Amino acid sequence: MATTSQVYRSTRSSDKETKTFEEVVIQGLAKDGGLFIPPTIPQVSQETLFSKWSKLSFQELAFEIMRLYIDSNEIPDADLKQLINRSYSTFRSTEVTPLVKNVTGNNENLHILELFHGPTYAFKDVALQFVGNLFEYFLQRTNASLPESEKKQITVVGATSGDTGSAAIYGLRGKKDVSVFILYPTGRISPIQEEQMTTVPDKNVQTLSVKGTFDNCQDIVKAIFADKDFNKRHNVGAVNSINWARILAQMTYYFYSYFKAIEGKDQSAVKVKFVVPSGNFGDILAGYFAKKMGLPVEKLVIATNENDILDRFLKSGDYERSDEVAATLSPAMDILISSNFERLLWYLARENLAGNDDLKAGEIVNGWFHELKSNGKFQVGQAVIDGALKDFASERVSDEETAATIKKIYEESVNPKKYVLDPHTAVGVCASKRLIAADNNASINYISLSTAHPAKFAEAVNNALSSFEGYSFEKDVLPEELKKLSTLPKKLKFIEKADIELVKAAIDEELAKMDL
Ligand SMILES: Cc1ncc(COP(=O)(O)O)c(C=O)c1O
Ligand SMILES: N[C@@H](CCOP(=O)(O)O)C(=O)O
């Protein structure tokens, strides 16, 4: 049997107010600047997990999980099933997120969880195909009873370091009553990522290339949510992982891949570690929920590149923003502040500092984030670090190690041979390899999340592999669908400075032209 959790609250709130699922999806960010979380995490029994859920398809599993977090009065069973099936019908794999088992042979138990079989070849599609359909569902229902002049529209404003942008655009292109504005840091995303976003001709889509960093873009998006007047005029919606529905939809692949990894093995004798290339902490946070719901995960391993705020936190308890973002081979993870970490901190604060009191936890987290804003850092104390270390470990991976891992796996892989990793996935696989050596324990299975298709990062992949005889990016890596992108006309608007007023003015101007 499973328990449910269908009300939400803000990580920074110390009052009793709760919200419904629809409210948190449509609102995105809480008014106090906090993120929405379910205060109670539903529990799933081991019996349900292993005698029922382990036999389900990806779509069936998604339904069981989502049902626990969404009241059936908000979305009835039949509608939720339809939303899920429609969202995953766009994937190129019938399994949606297939697991490549024992990629380096049987000795290492290293499995690669391929999350890039959706329309934009990155893990974001798993959540954003669903979120796009969800926006449409809620809007159609609200608008059905309203006269034409009062019909609601949503203006989605998102920030991307490369992948969220295109996945959001593909999830929302052409949808009625929704417009999409995506901010990305000029020159800091790969050419294919930029082409994916800027070549979509639908009139409800506009990309904004902002002179600055991803953190500048994310800060502007959060400030836009806090701007009451702009929000009232435009009804702003979130596609970044500040939107709870993103995290919810990502939980499925933790359960699904766990069951695939242990298939045919004695479940009580096997341990599973998930290794997750991390930036904004949205992907691995879904794994935290899966673990807390009852999936017997040994550890969730945060793999960072040189932008290592999460690794430094786990080692010191200081959450401290660096002065500058490093440009690495894994640019989608070039992030200074990991937005979703706030959600984890709320649970850790409640359990370790607030005597399990929701309101007190909100007060503590609010204090921390005010400190971060004024001093660029805060400290959580040993009890919170110890709490985090029960579920998490972390590894920091350099660019040299990333490139070396792409090479090594190309050389070593047996299933299939000459397996090509993208640089983000390589950060995770490098961390997995370190753990395999350190743990030296044959009962542990490592599920390393592959967050993007290698074709999206041609330069890093080619630099690592072009010296191998017979290697051809065009022939072996680049999918047909991505080949034609460079020939299509681009639609983008430059924003000269990372300035909220310039961005708001651009949105106003473009919205007027869209005439939705
Ligand atoms: C390819 C890729 N890998 C890893 C990440 C990091 O994921 P998260 O931000 O959820 O930690 C991102 C960006 O989010 C990404 O685009
Ligand atoms: N790496 C992300 C950054 C945005 O993160 P999100 O998960 O909060 O949307 C990207 O590719 O855009």
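1. The note begins with one residue. Asparagine 440 is exposed, at a relative accessible area of 68%. The model is a predicted one. Asparagine 440 sits in the loop between H17 and strand S14 (444-450), and its phi is positive, at about 45 degrees, although the residue is not a glycine. As background, most residues other than glycine have a negative phi.

2. A second residue with a positive phi is aspartate 177, where the angle is near 65 degrees and the residue is again other than glycine. Is aspartate 177 buried or exposed? Its relative accessible area is 16%, and since the limit for a buried residue is under 20%, aspartate 177 counts as buried. The residue belongs to the loop between H6 and S6.

3. Helix H6 itself deserves attention. Nine of the 10 residues in this helix, which spans residues 163-172, are buried, so the helix is largely enclosed by the rest of the structure. The buried positions are Asp163, Thr164, Gly165, Ser166, Ala167, Ala168, Ile169, Gly171 and Leu172. Which elements provide the cover for the buried residues of H6? They include the helices H5 (124-144), H7 (191-198) and H10 (244-262), together with the strands S5 (154-159), S6 (178-185) and S7 (205-210).

4. The peptide bond between asparagine 415 and proline 416 is cis, with omega at about 0 degrees. Proline 416 is placed in the loop between helix H16 (399-412) and helix H17 (423-439). For context, most peptide bonds are trans.

5. Valine 270 lies in the loop between H10 and strand S9 (271-277), and with a relative accessibility of 11% it counts as buried. Once neighbours within four places in sequence are set aside, the contacts of valine 270 are Ile262, Lys265, Ser443 and Asn445.

6. Turning to the overall fold, the chain contains 21 helices and 15 strands. Its radius of gyration is 22 Å, close to the 24 Å that the globule rule gives for 516 residues, so the chain is as compact as a globular protein of that length. Along the principal axes, the C-alpha atoms fill a box of roughly 65 × 55 × 50 Å. Of the 516 residues, 62% count as buried. Among contacts with a separation of 6 or more, 77% are between residues 24 or more positions apart.

7. The domain assignment divides part of the chain into domain 1 (96-118 + 245-458) and domain 2 (153-234 + 478-515). How far apart are the C-alpha centres of domain 1 and domain 2? The distance is 27 Å. Contacts between the two domains involve 16 residues of domain 1 and 18 residues of domain 2.

8. Lastly, the surface and the charges may be recorded. The accessible surface of the chain is about 19,600 Å², and 48% of it belongs to carbon and sulfur atoms. The chain carries 60 positive and 69 negative charges, and the mean positions of the two sets are 2 Å apart.

Methods: Residues are numbered from 1 along each chain as its sequence is written. Chains are lettered from A and ligands numbered from 1 in the order in which they are written. This is a predicted model: local features need pLDDT of at least 70, side-chain atom pairs count only at pLDDT 80 or more; totals for chains, interfaces and linings use all residues. Side-chain values use heavy atoms; hydrogens and water are left out. Helices (H or I, at least four residues) and strands (E, at least two) are DSSP runs, numbered from the N terminus. The radius of gyration is taken over C-alpha atoms; the globule rule is 2.2 Å times the number of residues to the power 0.38. Buried means under 20% relative accessible area, exposed over 50%, partly exposed in between (1.4 Å probe, protein chains only). Contact means heavy atoms within 4.5 Å. Accessible areas come from the Shrake-Rupley method with a 1.4 Å probe; for residues, only the protein chains shown count as cover. Lys and Arg count as positive and Asp and Glu as negative; His and the chain ends are not counted. The place of a charge is taken as NZ of Lys, CZ of Arg, CG of Asp or CD of Glu. Domain bounds come from an automatic or database domain assignment.
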